[in-house]
Structure formats: C-alpha cells, structure tokens
Amino acid sequence: MQREKSQRSLIARLFRFIWRLIKTIIYTFFFFVALFIIIVIYQTSQATDEPFYDASAQIAGTEDYLHARCWRGLQNSNKYCMKYESTAALNVAFSERRNQLEVPREYWSTDNGYWGYIYQELLRQNNEAVDYIADSLINLAQDKELHRSAMADLIVTFVQDIPYVLINNKPCEADYQGPCRSDELYGILSPYEFLYSLEGDCDTRSVLLYALLKRAGFHPIIMVSEEYAHAMIALDVAATGDYIEYKRQKFYFWETTSHGWKPGMLPPDSNNKDYWKIALAHEL
C-alpha cells in the first residue's frame, strides 16, 4: 500500500510539473506574440509619423516663401528633405517673360516642334535661376552617397511628389475634377514659377526636371504626344520597360505627374509609343 501511495504521489508530482511546464510554454508563446504585435504597431506608427511633408511658409513682411519639403524616393523608400527660398519678384519677372514669348510660324507645323520651341525658351530664361535647386539636390545625393540611378530617383521624385495642378490656357471648366489654374499663356508655367507656386502639370514638371537632371549630368529628353495631350521625360538610366532609342542609346519614359511611377512605366491610357515624339533632345 505504501509503495502504491508513493508511486501515485510521484506520478501526481510529475503531472503537476508537466502541467506547469506546458503553462509556462503557453504563457511564453503568448508573451512573445503580444510583444511582436506591439513592435509592429510601434513601427507602423513611427513610419506614419515620419515627417514627409511639403510646407511653404510666407516670409514675414514679404510675398517670398520658405519651402520645407520632405519626400519619399522610389528606391527603398528613402526619405529626403530639403529647404529652399523663392521670391515673388523673380516669380513675377519670369511670368512676364513667359507671357511675352511668341512662337515663330516655322515651328507651328508639328506639335513637337511647337512645344519644343516653348520648352527651350523657358529653359533659356530660367536655367540660371533654378541651378541652386539642382545644386542642392546634387549635394543631397552626394551626402547620402547615392549611385547614378538613385540620384535620378531623388531628383524625379522631388517633382513627382508635388500634387498635380492643371495649368490651363483658358478658364478652367466647371466640371473639371481637380485643382486647376486658369488663363496662363500656353498652359504652362516656367520652372521658377513652378518652384514658387508648387502648381504644375505634365509639361511644367517635365521642363523643370529637364533643367535639374541636365545640371546633374544626365541626358534628359522631353517627350510629347498630341494624341494623348501629354508630356513626360525620357532618361538615360538603367531600367526595364518602355523606352525610345535615340542616337543608339536607350532613354526610358518616366511619368512625372504623380508619385510612384518608375522609369520604363508608361501609363496604360498612353502606352502607344508611336504617338510619342521628341520635343526637346538633351543636346539643346
């Protein structure tokens, strides 16, 4: 009898030990699951709270602006931040120059010739005034030790990130869905006007990017399509997807009107390459 009681006691202690061990394993498992969930929530909140912003503050007593911008790159979602100033006096000056621009008759025969002349003249008027933006972006790329394609990504997303605003050469239609700026000659803003107002559509963006990328050592091309009523850049970067061949070199289409478009990605509603023409080559 005594031996049976001893055996039962031993078995009971063994079962209690096993049960405590199982409970410990279960508690430990749920502890680590809860810890994992807390870490994920914290990291998500941290990512959401990261200062990706676009703030333009008017400088006291003036119509000049201090722009503080942070934006995401497409490569590895890198974060970039930069500040710059723009002045009302220069904005007005470049607006007046644009409004005095006249396209000679010999450029009217083709859509790409017509727009190519306008783009080239706007760049000629604005290049020196926007060099400081290009230099700031180049310095930012150098500080972060970016390779060539990552530098292009930095520059293009700086513009892609700015919300789209239609620049119209006539009054904006009442049924147009989205922000619109009316009665601007040729339906385009010069590069400096864009940097001042942060309002721009496809060709306004493409002309500014042409200036910035060329200053950074790239060979940008501005493409236009009469059929699609659209403009974008093509760039000499390593990529896959849609490209044009110019002087035995590949230049990949790069949409600039919203964030997320990578080189070589033509939008589905404008992906017929036969409808795209070179308006401004990189040599000009």
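First, the ground rules. This is a predicted model, so local features need pLDDT of at least 70, side-chain atom pairs count only at pLDDT 80 or more, and totals for chains, interfaces and linings use all residues. Residues are numbered from 1 along each chain as its sequence is written, and side-chain values use heavy atoms, with hydrogens and water left out.

Start with the overall picture. The protein chain has six helices and 10 strands. Those are DSSP runs numbered from the N terminus: helices are H or I with at least four residues, strands are E with at least two. Of the 284 residues, 41% count as buried. Buried means under 20% relative accessible area, exposed means over 50%, and partly exposed is in between, using a 1.4 Å probe and protein chains only. Now contacts, meaning heavy atoms within 4.5 Å. Take those between residues at least 6 apart in sequence: 58% join residues at least 24 apart.

Next, the inside. In soluble globular proteins, nonpolar side chains tend to be buried together. A nonpolar core here is a set of buried Ala, Val, Leu, Ile, Met, Phe, Trp, Tyr and Cys residues joined through side-chain atoms within 4.5 Å. The largest one has 54 residues. Which of them touch the most other members? They are Ile118, Tyr119, Leu137, Ile155, Phe158, Leu212 and Phe218. The elements giving two or more residues to this core are helices H3 (111-143), H4 (148-160), H5 (191-197) and H6 (202-215), plus strands E3 (79-86), E6 (221-225), E7 (230-235) and E10 (277-280). H3 supplies the largest share, 13 residues.

Look at Leu137. Set aside its neighbours within four places in sequence. Leu137 then contacts Trp71, Met82, Leu154, Ile155, Phe158 and Leu212. There is also a second, separate core of 11 residues, including Met232, Tyr246, Leu266 and Trp276.

Now a charged residue. Asp201 sits in the loop between H5 and H6. Asp201 is buried, yet has no salt bridge. A salt bridge needs a side-chain nitrogen of Lys or Arg within 4 Å of a carboxyl oxygen of Asp or Glu. How far away is the nearest side chain of opposite charge? That is Arg205, at 6.5 Å. For charge, Lys and Arg count as positive, Asp and Glu as negative; His and the chain ends are not counted. Asp201 does have a partner, though. Its side chain makes a polar contact with the side chain of Thr204, at 3.1 Å. A polar contact is a pair of N or O atoms within 3.5 Å; within protein, one must be able to donate a hydrogen and the other to accept it, and residues adjacent in sequence count only if both atoms are side-chain atoms. Beyond four places in sequence, Asp201 contacts Tyr164, Val165, Leu166, Ile167 and Gly187.

Last, the disulfides. The structure holds two. The cut-off is a pair of cysteine sulfur atoms within 2.5 Å. One joins Cys70 to Cys81, S to S 1.9 Å. The torsion about that S-S bond is about 110 degrees, so this disulfide is right-handed. Cys70 is in strand E2 (residues 65-72) and Cys81 in strand E3, 11 residues apart. Cys70 is buried at 2% relative accessibility, while Cys81 is partly exposed at 36%.

Cys172 and Cys180 form a disulfide too, with sulfur atoms 1.9 Å apart. This link is left-handed, with -85 degrees about the S-S bond. Cys172 is partly exposed at 26%, and Cys180 is partly exposed at 25%.
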